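I open my notebook on this structure.

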Amino acid sequence: MKISEKWLREWVSPSLSTQELAHQVTMAGLEVDGIEPVAEAFSGVVVAEILSAEPHPDADTLRVCQVSAGSETVQIVCGAPNARAGLRVPLAQVDAELPGDFTIKRANLRGIESQGMLCAEQELGLSDRSDGLMELAPDAPVGTDLRHYLELDDQVIEISVTPNRADCLGVSGIAREVGLLNNLAVTEPTFIEASPAITDTIAIEVQAKECCPRYVSRVIKGINISQPSPQWLQEKLRRCGVRSIDAVVDVTNYLLLELGQPMHAFDLDKLQGGIEVRIALPDESIELLDGKRVKLGEDTLVIADQQGPVAIAGIMGGQRSAVNGTTTDIVLEAAFFAPKPLAGKARSYGLHTDSSHRFERGVDFELQVHAMERATQMLLELVGGEAGPIREVVSKNHLPARPDVVLRSSRIEKVLGLSLSSSEVERILQGLGLGVTETDGGWTCSIPSWRFDIAIEVDLLEELARVYGYNRLPVTHIRAKLEMNAQPEKHLSIRYLRRHLSARGYREAITYSFVDSQLQRIFNPEQTPVALSNPISADMAVMRTSLLPGLVSAVVHNTNRQQSRVRLFETGLRFIPSESGLRQLPTLAMALTGPRFEESWASSTDAADFFDLKGDMESLLGLARTSEHFYTEATSRPAFHPGQTARIIRNGDVVGFLGALHPSVGAELGLNAPLYLCEINLAPVLEGEIPKYAELSKFPEVRRDLAIIVDKTVSAVRLMEDVRGAAGDYLTNLRLFDVYTGKGIDPKRKSLALGLTFRDQSRTLDEEDVNAAIGQVIDLVEKNYDAELRN
């Protein structure tokens with residue numbers, strides 16, 4: 001927001017320089033982005049009047065003007081199209097210095113002497129472009145220095161107002177802050193409210209009361225809009241970045257900048273019947289003031305007459321009811337539109353206006369009648385006319401609630417670390433516009449209608465700290481009772497897991513929880529993910545039910561940038577819809593593609609495969625000393641290779657899976673090498689066992705190897721579980737050390753080579769003990785698996 005320093009000082013003028021004032025405002029939370037002079041440096045320019053303007057005898061586009069500079073009359077050759085007798089304009093006299101180190105000299109133009117230059121706004125640095133001479137007010141005093149007349153020794157202060165401080169989107173709000181910071185009274189402009197001279201009103205029907213709790217209107221007839229706005233009004237608007245249009249529009253813009261209250265004027269003769277404040281009907285459209293026609297959404301609040309919409313409420317007026325040079329009767333509007341229904345509406349139409357910027361953040365809902373009276377007084381002075389009575393429609397039940405907030409004095413020192421006297425606390429709170437009532441142990445504060453950001457006690461504490469000065473808050477050391485939290489030994493830290501994977505060559509990835517719905521469907525077609533109502537983009541439209549879509553996208557991103565060897569992992573939440581609500585499951589996902597080893601003269605270039613990923617996963621499971629509780633078995637999943645996919649099981653429950661991405665899916669995603677993926681719930685991985693002491697046996701161990709031929713469909717894991725149970729208590733280790741298929745074996749069968757190690761804690765086992773255990777194992781596999789020993 002841009003404001004003129006002189007305008008601000010009309011309300012409150014502390015004894016501070018511009019830079020000091022900007023620093024003070026910034027430290028109070030209203031950051032000053034920049035300070036610029038309202039005009040570039042120039043001198044020797046005065047107010048002049050063109051007495052005559054005759055065509056140049058030797059140039060069609062030039063005119064020879066006799067110009068009064070007050071003390072003398074000079075001759076100026078000018079090419080501006082609007083040069084005419086009676087016009088008062090800036091005159092740069094001989095030896096005047098203009099922006100850009102340009103000095104005015106006497107000149108001879110096509111044989112005619114020119115004793116200076118008539119100036120446009122652009123030549124004085126007051127505008128980026130100009131269509132002709134700068135036209136001054138008809139009563140501008142001839143011969144007066146232009147800088148003095150226009151009060152150009154002024155600064156434009158640009159303030160970045162945060163969304164919660166909509167009360168500072170006007171000069172009055174900034175003045176309130178400056179007055180409080182300097183303990184000065186704020187001087188508001190005084191005016192006499194206009195008494196109704198006519199009885200004309202317009203019918204108002206507010207259908208959407210929850211969106212428009214207050215609507216104020218007034219009819220003014222017989223205005224004369226032909227004359228431009230006075231110079232002081234145009235200058236104040238220009239310094240705030242608003243161009244002058246006509247007196248009526250300029251007044252509404254002026255009050256928007258002064259009070260923060262957006263207003264609008266309708267041409268009364270163009271309205272058909274009364275005004276309705278309602279939600280847009282299906283298939284309605286409107287041509288806006290910028291000439292753009294938009295189709296209205298069915299949740300858009302509009303101002304309408306009997307013929308249709310005449311404005312999008314709180315955003316922009318319509319062309320059909322716009323005020324123009326022939327307007328004589330107007331309807332002034334000042335309303336309070338609720339912030340929430342208007343949020344995002346302007347952006348949905350590709351718009352962002354000064355009005356929408358304020359209404360979306362919250363306008364003072366008690367300001368409308370005051371703004372209407374102020375606008376009426378200004379319009380009657382500038383364009384004349386007769387005003388009717390103010391018509392107000394208000395639904396108090398839909399106005400924002402303002403419950404009192406209690407502030408405890410003990411909380412000030414505890415939260416802010418400083419002690420404030422009661423008088424200082426009350427001065428600050430009352431200076432903010434709050435009603436303050438002292439109570440036992442604190443104060444009860446009523447919140448003003450312009451503050452939408454104060455609702456609880458900490459909001460008041462923040463205001464105290466802000467006004468007192470963040471830079472003045474004392475520095476104190478934190479004092480607290482520090483206790484070490486218990487760390488269960490059986491629970492593995494996720495940081496330990498991350499370090500382990502990093503040590504094995506994986507890089508941690510962090511991807512969005514929002515993914516492309518089509519990519520999600522490839523990996524998890526049986527689950528319907530939660531769709532976002534307002535997604536950032538089409539490829540972030542649903543909440544992930546698996547970490548793999550995001551991780552695979554990261555792999556694709558890296559392989560497309562000459563990274564042939566990629567190893568990534570991610571820990572995060574999956575969002576699973578269920579009958580009891582949305583379940584959020586902590587999950588680990590891993591991805592592996594490319595060569596097994598980094599490029600080196602000492603390593604092979606073999607590609608990584610399924611068992612590399614399986615080995616990395618098994619190393620993880622060993623961290624919590626629970627690897628014997630996990631096993632894998634073949635399975636099938638969408639998007640995965642049917643012969644290279646396994647599910648991970650712990651104590652009978654499926655907790656994850658791993659496998660190779662199906663080649664067709666990989667090709668569709670743009671992958672040129674096999675990709676191996678794993679996803680497992682984190683809870684069973686992190687849940688470990690406490691180590692237990694066991695005495696080492698002093699007696700030797702005995703190992704026997706068995707080669708068993710079974711069907712290819714037999715799961716080695718399940719067979720080993722049964723063998724472990726049949727071998728008895730002497731078995732200390734069981735290992736599968738070979739799997740063979742080929743010559744000498746039935747093509748439908750395979751050979752599994754098992755190593756069984758036996759030992760006892762109290763004695764040396766003899767042959768009979770071991771043979772008995774081996775006999776039990778052989779009987780089991782022959783009976784349950786139709787197995788035979790391989791010679």
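**Loops and backbone angles**

I start with Arg110, which sits in the loop between β8 (107-109) and β9 (112-114). Strands here are DSSP runs of E with at least two residues, helices are runs of H or I with at least four, and both are numbered from the N terminus. I note that the model is predicted: local features need pLDDT of at least 70, side-chain atom pairs count only at pLDDT 80 or more, and totals for chains, interfaces and linings use all residues. Residues are numbered from 1 along each chain as its sequence is written, and side-chain values use heavy atoms, with hydrogens and water left out.

What is phi of Arg110 near? It is near 55°, a positive value in a residue other than glycine. Most residues other than glycine have a negative phi. Arg110 has a relative accessible area of 54%, so it is exposed. My cut-offs, with a 1.4 Å probe and protein chains only: buried is under 20% relative accessible area, exposed is over 50%, and partly exposed is in between.

Next I looked up Asn183, in the loop between α4 (171-182) and β12 (204-206). Asn183 is not a glycine, yet its phi is positive, about 55°. It is exposed, at 56% relative accessibility.

Thr190 lies in the loop between α4 and β12 too. Thr190 is exposed, with a relative accessible area of 75%. I took its distance to Phe737: 97 Å in space, C-alpha to C-alpha, and 547 residues in sequence.

Then Asn82, in the loop between β5 (73-78) and β6 (88-98). Is Asn82 buried or exposed? Its relative accessible area is 15%, so it is buried. The C-alpha atoms of Asn82 and Pro262 are separated by 34 Å, and the two residues are 180 apart along the chain.

**Helix α6**

I checked the length of α6 (residues 247-259). The expected span is 1.5 Å times one less than the number of residues. For 13 residues that gives 18 Å, and the end C-alpha atoms are 18 Å apart, so the two agree.

How many of the 13 residues of α6 are buried? Eleven are, so I call the helix mostly covered, as buried is under 20%. Among them are Val248, Val251, Tyr254 and Leu255. An α-helix has 3.6 residues a turn, so residues three or four places apart point the same way.

I looked at both ends. At the start, a side-chain oxygen of Asp246 comes within 3.1 Å of the backbone nitrogen of Val248. After α6 comes Gly260, with a positive phi near 80°.

**Aromatic rings**

I found eight aromatic pairs in the structure. Rings of Phe, Tyr and Trp (its six-membered ring) pair if their centres lie within 6.5 Å; planes under 30 degrees apart are stacked, over 60 edge-to-face, and the rest tilted.

Phe336 and Phe452 are stacked, because their ring centres are 6.4 Å apart and their planes are at 25°. Phe336 is in strand β21 (residues 330-336) and Phe452 is in the loop between β26 (442-446) and α13 (457-468), so the pair ties together parts 116 residues apart in sequence. Phe336 is buried, at 1% relative accessibility. Phe452 is partly exposed, at 29%.

Phe610 and Phe611 pair edge-to-face, with 5.3 Å centre to centre and 90° between the planes. Phe610 is buried at 10%, whereas Phe611 is exposed at 60%.

I also noted a cluster: ring pairs link Trp7, Trp232 and Tyr254.

**Charges**

A charge sits over a ring if NZ of Lys or CZ of Arg is within 6 Å of the ring centre and within 35 degrees of the ring normal. Arg402 lies over the face of Phe452, 4.7 Å from the ring centre. Arg472 lies over the face of Tyr468, at 4.0 Å.

Arg214 is in strand β13 (residues 214-221). It is buried, at 7% relative accessibility. Which side chain does the side chain of Arg214 make a polar contact with? It is that of Glu392, at 2.7 Å. A polar contact is a pair of N or O atoms within 3.5 Å; within protein, one must be able to donate a hydrogen and the other to accept it, and residues adjacent in sequence count only if both atoms are side-chain atoms.
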